[in-house]
Amino acid sequence: MVDRHKTTVVSGVPTVLAALAQVPLDGADISSVAYCRTGAAPLPPELGERFEDLFGLHVHESLGMTETAGITSITPPGVVAPAGCVGFPVPFCRVRIASVDASGAPAAEDMPPGQVGLVLVRAPNVFPGYLDCEATRSSFTEDGWLITGDLGFLDAEGRVNLTGRAKDLIIRSGHNIDPKMIEDVLDAHPAVDLCAAVGAPDPYAGELPVAFVTLKAGADAGADELLEFASGRVDERPARPKSVTVLEAMPQTNVGKIFKPELRRMASEAAVRAGAGSLIDAHGDLRLLGVSASLDKAGRISVDLRLEGDREALRQITSELRKYPVPVTVSA
């Protein structure tokens with residue numbers, strides 16, 4: 001298409017760029033492309049390097065939300081920035097990096113350059129609010145700054161750099177784990193096409209980090225190999241994933257973002273299934289008939305177990321399963 005139409009700008013979310021990276025040029029002339037941009041989700045550093053190696057195109061990152069009418073900050077042509085740098089705020093847009101209080105809400109203090117906090121935005125292109133008044137109240141500070149939900153920092157040049165999403169943090173026994181540190185490691189594996197890390201519910205730690213991957217066309221790598229690869233390269237011991245699951249396809253939104261709520265649902269189902277299996281082995285006279293996890297429109301997850309066996313053993317297992325941080329219903 002670029003060869004035919006002499007396209008000058010290519011823009012796509014990271015999952016689209018990952019798909020393009022698997023399409024050979026076959027002699028097509030793409031020299032007309034002067035600018036390549038991505039947004040909507042973090043760009044894995046390995047994907048940016050692979051795209052540049054394959055096509056000679058540096059991928060420029062940007063930050064935008066529907067709530068800001070598209071663009072908040074952008075890396076302009078000619079500026080080569082490191083992965084995670086989403087560029088300079090657009091004209092008339094102000095960006096704050098706020099510290100976070102004990103409840104996870106933005107505090108009044110701003111973080112100094114280079115230190116991570118919550119990204120807040122105030123600009124003419126910020127929308128006035130949602131139809132749901134409660135959603136509006138929780139999305140703005142009292143003095144009118146939009147809480148983007150992104151974690152990031154400002155560098156010495158005034159550019160915005162993103163490190164992750166506040167709601168995507170995995171909290172293991174009070175230790176905050178940025179899933180990006182796991183994802184960046186797995187992205188570097190030569191067989192991995194897409195990957196995402198989420199928290200799986202655990203009755204002791206609250207959450208444990210787990211990862212999901214899809215493989216490049218023709219690549220072959222098992223879950224154990226990928227787990228060993230990640231465990232040896234994730235520096236923070238609490239952040240080392242407890243499991244890696246290889247998927248045929250990564251769940252995505254309509255615009256191509258990885259849909260992490262579905263991955264959390266899958267992780268919750270697997271975690272409760274494994275926990276119930278251990279409890280059944282300990283109690284003996286029980287049989288697992290099925291496990292299913294559901295995800296509602298608000299992103300809340302619940303798990304349903306169907307068991308058969310001794311009534312007292314059922315009561316004991318039900319009590320144990322209530323220790324999980326997601327609602328678990330046991331039916332006999």
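**Entry 1**

The labels are DSSP runs numbered from the N terminus, with helices (H or I) of at least four residues and strands (E) of at least two.

Before going on, I noted that this is a predicted model, where local features need pLDDT of at least 70, side-chain atom pairs count only at pLDDT 80 or more, and totals for chains, interfaces and linings use all residues. Residues are numbered from 1 along each chain as its sequence is written, and side-chain values use heavy atoms, with hydrogens and water left out.

**Entry 2: the sheet**

What order do the strands of the open sheet take? I read off S1-S2-S3-S4-S5-S10-S9-S8-S6-S7, 10 strands with mixed pairing. Strands S1 (9-11) and S7 (106-110) stand at the edges with a single partner strand each, so one side of each has no neighbour in the sheet. Two strands count as paired if DSSP finds at least two bridges between them.

Next I checked some pairs. S1 and S2 (residues 35-38) run parallel with 3 bridges, and valine 10 has cysteine 36 in S2 as its bridge partner. S2 and S3 are also joined by 3 bridges in the parallel sense; there, threonine 38 is partnered by glutamate 61 in S3. S6 (residues 94-100) and S8 (residues 117-122) run antiparallel, with 5 bridges. In that pair I found alanine 98 bridged to leucine 118 of S8.

**Entry 3: the core**

Which residues touch the most other members of the largest nonpolar core? I found Phe51, Leu57, Phe212 and Leu263, out of 25 residues. The elements giving two or more residues to this core are H2 (14-20), H3 (45-55), S13 (192-202), S14 (206-215) and H7 (260-283). S13 gives the most, with 4 residues. Such a core is a set of buried Ala, Val, Leu, Ile, Met, Phe, Trp, Tyr and Cys residues joined through side-chain atoms within 4.5 Å.

I then picked phenylalanine 212. Leaving aside neighbours within four places in sequence, its contacts (heavy atoms within 4.5 Å) include Leu194, Val198, Met250 and Leu263.

**Entry 4: buried or exposed**

My cut-offs for relative accessible area are under 20% for buried, over 50% for exposed and partly exposed in between (1.4 Å probe, protein chains only). Leucine 226 sits in helix H6 (residues 223-231) and counts as buried at 0%. Apart from neighbours within four places in sequence, leucine 226 contacts residues including Leu186, His189 and Val246.

Alanine 69, between S3 (59-63) and S4 (73-74), has a positive phi of about 55° although it is not a glycine, and counts as exposed at 64%. Phenylalanine 92, in the loop between S5 (85-89) and S6, has a positive phi of about 70°, again without being a glycine. At 72%, phenylalanine 92 counts as exposed.

**Entry 5: confidence**

Last, I looked up pLDDT, the predictor's confidence in each residue from 0 to 100. The chain's mean is 89, and 98% of its residues reach 70 or more. Confidence is lowest in H8 (residues 311-321), at a mean of 81, and highest in S15 (residues 244-246), at 97.
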